[in-house]
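Subject: Structure for you to look at

Hello,

Here is the structure I said I would pass on. Please open it first and then read the notes below it.

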Amino acid sequence: MPANRTVLLLPGDGIGPEVVGQARRVLEWVAAKRRFAVACDEDLVGGASIDAHGVPLTDATLAKAKAADAVLLGAVGGPKWDALPFDRKPERGLLALRKELGLFANLRPAICLPALAGASTLKEEVVAGLDILIVRELTGGVYFGTPRGIETLPDGSRRGVNTQVYTTGEIRRVAAVAFELARKRGRKVCSTEKSNVMESGILWREEVQKLRDEAYTDVALSHMYADNCAMQLVRAPKQFDIIVTDNLFGDILSDEAAMLTGSLGMLPSASLGAADRDGRRAALYEPVHGSAPDIAGQGIANPLAAILSLAMMMRYSFGRDDDADMIERAVGRVLDSGLRTGDIMQSGKTKISTEAMGTAIVEVLQGLAA
Ligand code: NAD
């Protein structure tokens, strides 16, 4: 079968290569058994690239990432590179990728699988069956706005300044992503800001509403102040389907929502760019966790966040919802069967390695496809 799609794997550092290795096995299974014509390339990013090339992301790797239909990244960073100056650290490789690929929409699902409902710090009935998606604006807002800096005032005291700034274009493009995704889910979006105290929040609310009224009247839109949203996420998270919000609030709310589900090793993410004329978007998929240097090289990391990131790739970059569903179902079945990596281990369950988890997923997929 000729390969007409390309995926670039960037395993990175620490446990990155271990978990991406298992995601690659799942991708290869989909390619072989589900007739997905894909060419898979692999390259270095982060500390691994610094060691080989002196920089966290080479121009050649960036060019490959730009040419690929989708990128799957493991994680970057680790103590070996901690002493490097800020602009040469492994994390710069990831930031450069996000910037160069124009990834303005960050998707973070918070799904509470029945087998892990007991692992949440919240009551089981509050989180069991939870399936929400946070869409965070990733390239604008207070993290990038100018003026910014720290200045010394005439009286010798100092003043720190950051600027929250959004244009209609920035708001509308991320809201459009949320509305499009809503059509594939529960057709329900909650937009979150602080329009009670911030002009940028007023603009955010107005533009999201305007876009909905113009082009997405089939999607129910509600608005909520970000502080209330933070509260509602721990009080009754299942009231939400999609939450769309800015960079700052999204940073906080997506971490909060993530913890509802219990474990860092289970959390996937996707970052999407603008669609071109053919509907093709730049896209980077990665587990939320870092390189976990404390367990790297031991073969005990949980590969499920990376495998679930691959499922997101199938859904959002390749429109292969059936494959995505199948991978997600396989993860649920394997957990139901009692297999666990150390990070999600519970009494009475069976502790297995990173590789054994990958094998279990492929075996269940085999059964589901039969
Ligand atoms: P971390 O996510 O790497 O680890 C936090 C804790 O969770 C550790 O105890 C780790 O063992 C555990 N953990 C994380 N993922 C796991 C998995 N898949 N399976 C089992 N256990 C897992 O965060 P950290 O310790 O703050 O950061 C370590 C390094 O990773 C730092 O250099 C940091 O800069 C980097 N980092 C990178 C990214 C990224 O690449 N996107 C994100 C966060 C942190």
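**Contacts of I242**

Leaving out residues up to four places away in sequence, I242 touches L133, V135, A178, L181, A182, R185, K188, V189 and C190. Please keep in mind that this is a predicted model. I242 itself is in strand 10, which covers residues 242-245. Is I242 buried or exposed? Its relative accessible area is 0%, so I242 counts as buried.

**Helix packing**

Two packed helices are described by the angle between their axes and the distance between the axes.

Start with helix 10 (residues 304-316) and helix 11 (residues 321-336), whose axes come within 7 Å and cross at roughly 160°. Angles over 145 degrees count as roughly antiparallel, so helix 10 is roughly antiparallel to helix 11. The crossing of helix 10 with helix 11 is left-handed. On the side of helix 10, the contact is made by L304, I307, L308, L310, A311, M314 and R315. Helix 11 contributes D321, D323, A324, D325, I327, E328, V331 and L335. Sorted by class, the residues of this contact between helix 10 and helix 11 are ten nonpolar, no polar and five charged.

Helix 10 also meets helix 1 (16-33). The axes of helix 1 and helix 10 come within 8 Å, with a crossing angle of roughly 40°. Helix 1 and helix 10 are therefore oblique to each other. Helix 1 passes helix 10 in a right-handed crossing. The residues involved are V19, V20, Q22, A23, V26, L27 and V30 of helix 1, together with A306, I307, L310 and M314 of helix 10. How many of the residues in the contact of helix 1 with helix 10 are nonpolar, polar and charged? There are ten nonpolar, one polar and no charged.

The remaining pair is helix 11 with helix 12 (residues 354-369), where the axes come within 9 Å and cross at roughly 120°. Here the crossing is right-handed. M326, I327, R329, A330, V331, R333 and V334 of helix 11 meet M357, A360, I361, V364, L365, L368 and A369 of helix 12. The contact of helix 11 with helix 12 has twelve nonpolar, no polar and two charged residues.

**Aromatic pairs**

A pair of aromatic rings is described by the distance of the centres and the angle of the planes. Searching the whole structure gives three aromatic pairs. In one of them, the ring centres of F179 and Y216 are 4.9 Å apart and the planes are at 25°, so the pair is stacked. F179 is in helix 6 (residues 168-184), while Y216 is in the loop between helix 7 (199-215) and strand 9 (220-225), so the pair ties together parts that are 37 residues apart in sequence. F179 is buried, with a relative accessible area of 0%. Y216 also counts as buried, because its relative accessibility is 6%.

**Backbone and loops**

Most residues other than glycine have a negative phi, and most peptide bonds are trans.

- The peptide bond from T146 to P147 is cis, with omega near 0°. P147 sits in the loop between strand 5 (131-137) and strand 6 (149-152).
- R35 has a positive phi, near 50°, and is not a glycine. R35 is in the loop between helix 1 (16-33) and strand 2 (38-42). With 63% relative accessibility, R35 counts as exposed.
- A292 is not a glycine either, and its phi is positive at about 40°. A292 is in the loop between strand 12 (281-287) and helix 10.

Where is D155? D155 is in the loop between strand 6 and strand 7 (158-161). At 63% relative accessibility, D155 counts as exposed. From D155 to G14 the separation is 141 residues in sequence and 48 Å in space, C-alpha to C-alpha.

Regards

Conventions. Residues numbered from 1 in each chain as written. Predicted model: local features only at pLDDT ≥ 70, side-chain atom pairs only at ≥ 80, totals over all residues. Heavy atoms only, no water. Axes fitted to C-alpha atoms, helices over the stretch in contact; angles between N-to-C directions. Helix = DSSP H or I, 4+ residues; strand = E, 2+ residues; numbered from the N terminus. Parallel < 35°, antiparallel > 145°, perpendicular 65-115°, else oblique. Left-handed = near helix turned anticlockwise from the far one by under 90°. Contact = heavy atoms within 4.5 Å. Nonpolar A, V, L, I, M, F, W, Y, C, P; charged D, E, K, R; others polar. Buried < 20%, exposed > 50% of the residue type's maximum accessible area, 1.4 Å probe, protein only. Phe/Tyr/Trp six-rings, centres within 6.5 Å; stacked < 30°, edge-to-face > 60°.
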